[in-house]
Amino acid sequence: MRTISQREMRNDSGQVLREVELGQTFVVTRRGTPVARIVPLTEASLAYRPARRPPRFSTADLVPIDTTTEELLDELRAER
């Protein structure tokens with residue numbers, strides 16, 4: 001585990017993330033005090049988490065329109 005300052009993380013974020021991808025772990029400090037840990041993601045942390053509730057809408061509820069978006073915007077702009 002490597003310790004880096006907040007400034008180093010900000011200035012070298014690309015390099016830090018490349019090293020994290022390779023498995024390196026970082027502790028980020030602010031004024032010498034540890035404030036965060038940057039760790040590589042594991043397969044378990046990338047797992048899909050389903051929604052708690054089913055959606056409350058259906059595409060069947062959508063109303064089709066014959067007007068284009070451009071026409072709607074032109075009409076709205078004319079109302080100003």
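Which residue forms a salt bridge with R2, and how far apart are the closest N and O atoms? The partner is E8, and the gap between those atoms is 2.9 Å. A salt bridge here is a side-chain nitrogen of Lys or Arg within 4 Å of a carboxyl oxygen of Asp or Glu.

A quick word on the ground rules. This is a predicted model, so local features need pLDDT of at least 70 and side-chain atom pairs count only at pLDDT 80 or more, while totals for chains, interfaces and linings use all residues. Residues are numbered from 1 along each chain as its sequence is written, and side-chain values use heavy atoms, with hydrogens and water left out.

Back to R2. It counts as partly exposed because its relative accessibility is 31%, and E8 is partly exposed too, at 26%. (Buried means under 20% relative accessible area, exposed over 50%, and partly exposed in between, with a 1.4 Å probe and protein chains only.) R2 also meets the side chain of E19 in a salt bridge, at 3.1 Å from N to O. That pair links distant parts of the chain, with E19 in helix α2 and R2 in strand β1, 17 residues apart. Helices (H or I, at least four residues) and strands (E, at least two) are DSSP runs, numbered from the N terminus.

The whole structure has three salt bridges. The remaining one to look at pairs R77 with D74, with 3.7 Å between the closest N and O atoms. Both sit in helix α3, three residues apart, or about one turn of the helix. D74 is partly exposed, given its 43% relative accessibility. As for R2, E8 and E19, salt bridges that share partners join them into one network.

Now follow E19 into helix α2, residues 13-21, where the buried residues are V16, E19 and V20. Looking down the axis of α2, these fall within an arc of 105°, so they line one face of the helix; the arc is that of the directions from the helix axis to the C-beta atoms. L17 and E21, on the other side of α2, are exposed. The cover over the buried residues includes β1 (2-5), β2 (26-30) and β3 (33-38). Just after α2, G23 takes a positive phi of about 110°.

What about the inside? The largest nonpolar core has six residues: I4, V16, V20, F26, V28 and I38. Such a core is a set of buried Ala, Val, Leu, Ile, Met, Phe, Trp, Tyr and Cys residues joined through side-chain atoms within 4.5 Å. Helix α2 and strand β2 each supply at least two residues of this core. Leaving out residues up to four places away in sequence, V20 touches F26, I38, V39 and P40, where contact means heavy atoms within 4.5 Å.

Strand β2 also holds T29, which counts as buried at 12% relative accessibility. With the sequence neighbours up to four places away left out, T29 touches T3, I4, S5, Q6, P34 and V35.

Finally, the surface. I65 sits in the loop between β3 and α3 (69-78) and counts as exposed because its relative accessibility is 54%. Together with V63 and L72, I65 forms a nonpolar patch with about 300 Å² of accessible area. Patches are made of residues with over 30% relative accessible area and no salt bridge, with like charges joined within 9 Å and nonpolar side chains (Val, Leu, Ile, Met, Phe, Trp, Tyr) within 5 Å. The areas come from the Shrake-Rupley method with a 1.4 Å probe, and for residues only the protein chains shown count as cover.
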